[in-house]
Amino acid sequence: MTKVRMGTMWLMGLLTVAVAVVTMGAFQGGAASAADDPAIEAEAQAGQGGEQISVASQRLMLTVWSATLTVGEESQNGTTVWGYAPDRNVEIGDLDNTDFSDRGVEYTIDSLVYKEVGSVKQLVLETNPALPNDLIFEVDGERYPLSGADALGLHGDIHVWWFDSGLGWEDGDTMTVKLLRTVIYNACGVSEASESGVGIRLGEVWSATLMVGEAAGEESNALGYQSGWSEAFGGLDNTTFADMGTKYSVGRLVHRPVGNGHFLLDVETGRPLDPNMVFEVDGERYAVLDSGPVGDEEGTHWWLLDSSLGWSEGDTMTVKVLRFELYRLGGDEQALAHAGG
């Protein structure tokens, strides 16, 4: 990741915190918000000329996957199993979201059960493929690091935690389950940044008004704006912008369902957006670092959403591209540098 060269280590650290806040929790697209987890102690304040971010901690937590577990129960041959197991010896429970992507790898949750075999008590999470050790598994608010699990099975994809006492699960219980990642940044302290008189804010790079159109065809369900290609629909009153010498042209901004209760926000800008940028639609923000590429199309970004944005044909809304930048606190509002420039 490129960072601006300002000649001082504390400034480099401050830029790292700026990127961390974007990536780990201030925006949509799968990231946890500061209100979601006490480990995130980031505070956003209204600042002159932009949004100032002051960071009270450098320990941030990202929600990689989240789902609702409906507990099923099965007892046989001295073994009782609670949770979600869709096949093999028992078929119990339900999990409303079994697939997710992390760091470019696609994962599937094959089963999630708590079992008691006599005095032996286990929490078992089976995935395909095996999960990385830096994740934390959370069940009903209780957290279990993957690094503390035994990795069983031929491919190490059966993750097992052992207990001295029961978890108290019952048939029909519903609970939230998550996979989290904790990131600790050794950046500058808050006092150091404050004494230096420098703040971090989101500066506006581009703004336009989107008029939502609908693609033809009963099966498309695509809403938003598209120019050229096989079909044009919707409107965007400003399609080009430049940032730090790079020119961008917005050719597509589309929201559509993709099955399994998921939706895609897809934007094509001609060139890849800078990793420290943030895409904003109708007040909702999506970190570029959280996006994925659309197939082999260069200069495209997509965000997988758990719910619809509720767009309708004829809606109008503001869209923006924002970027973190450093600026001097006080009366001088001149930006000192772009983060990531």
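The model is a predicted one, so local features need pLDDT of at least 70 and side-chain atom pairs count only at pLDDT 80 or more, while totals for chains, interfaces and linings use all residues. Residues are numbered from 1 along each chain as its sequence is written, and side-chain values use heavy atoms, with hydrogens and water left out.

Aromatic residues come up first. Twelve aromatic pairs turn up in the structure; rings of Phe, Tyr and Trp (its six-membered ring) pair if their centres lie within 6.5 Å, with planes under 30 degrees apart counted as stacked, over 60 as edge-to-face and the rest as tilted. One of them is Y114 with F163, an edge-to-face pair with 6.5 Å from centre to centre and 75 degrees between the planes. Y114 sits in strand β8 (residues 105–117) and F163 in strand β13 (residues 158–163), so this pair ties together parts that are 49 residues apart in sequence. Strands (E, at least two residues) and helices (H or I, at least four) are DSSP runs, numbered from the N terminus. Y114 counts as buried because its relative accessibility is 1%, and F163 counts as buried at 17%. The cut-offs here are under 20% relative accessible area for buried, over 50% for exposed, and partly exposed in between (1.4 Å probe, protein chains only).

F163 also pairs edge-to-face with Y144, at 5.5 Å centre to centre and 90 degrees between the planes. That pair links distant parts of the chain too, with Y144 in strand β11 (residues 142–145) and F163 in strand β13, 19 residues apart. Y144 is buried, as is F163. Y114, Y144 and F163 all belong to one aromatic cluster, together with W82, F137, W161 and W169.

Next come the charged side chains. Searching the whole structure gives eight salt bridges, each being a side-chain nitrogen of Lys or Arg within 4 Å of a carboxyl oxygen of Asp or Glu. In one of them, D134 meets R181, with the closest N and O atoms 2.8 Å apart. Since D134 is in the loop between β9 (120–128) and β10 (135–139) and R181 is in strand β14 (residues 174–184), the pair ties together parts that are 47 residues apart in sequence. D134 is partly exposed at 31% relative accessibility, whereas R181 is buried at 4%.

E204 and K320 meet at 3.5 Å, N to O; E204 lies in strand β15 (residues 198–211) and K320 in strand β26 (residues 316–328), so parts 116 residues apart in sequence are tied together. K320 is partly exposed, with a relative accessible area of 21%. D243 and R323 form another salt bridge, at 2.4 Å, N to O. Here D243 in strand β19 (residues 240–243) is linked to R323 in strand β26, 80 residues apart, and both D243 and R323 are buried. Elsewhere, salt bridges that share partners join D102, D134 and R181 into one network.

Finally, P132 is found in the loop between β9 and β10, and is partly exposed at 24% relative accessible area. Leaving aside residues up to four places away in sequence, P132 touches D102, Y107, L146 and R181, contact meaning heavy atoms within 4.5 Å. The C-alpha atoms of P132 and D102 are separated by 9.8 Å, with the two residues 30 apart along the chain.
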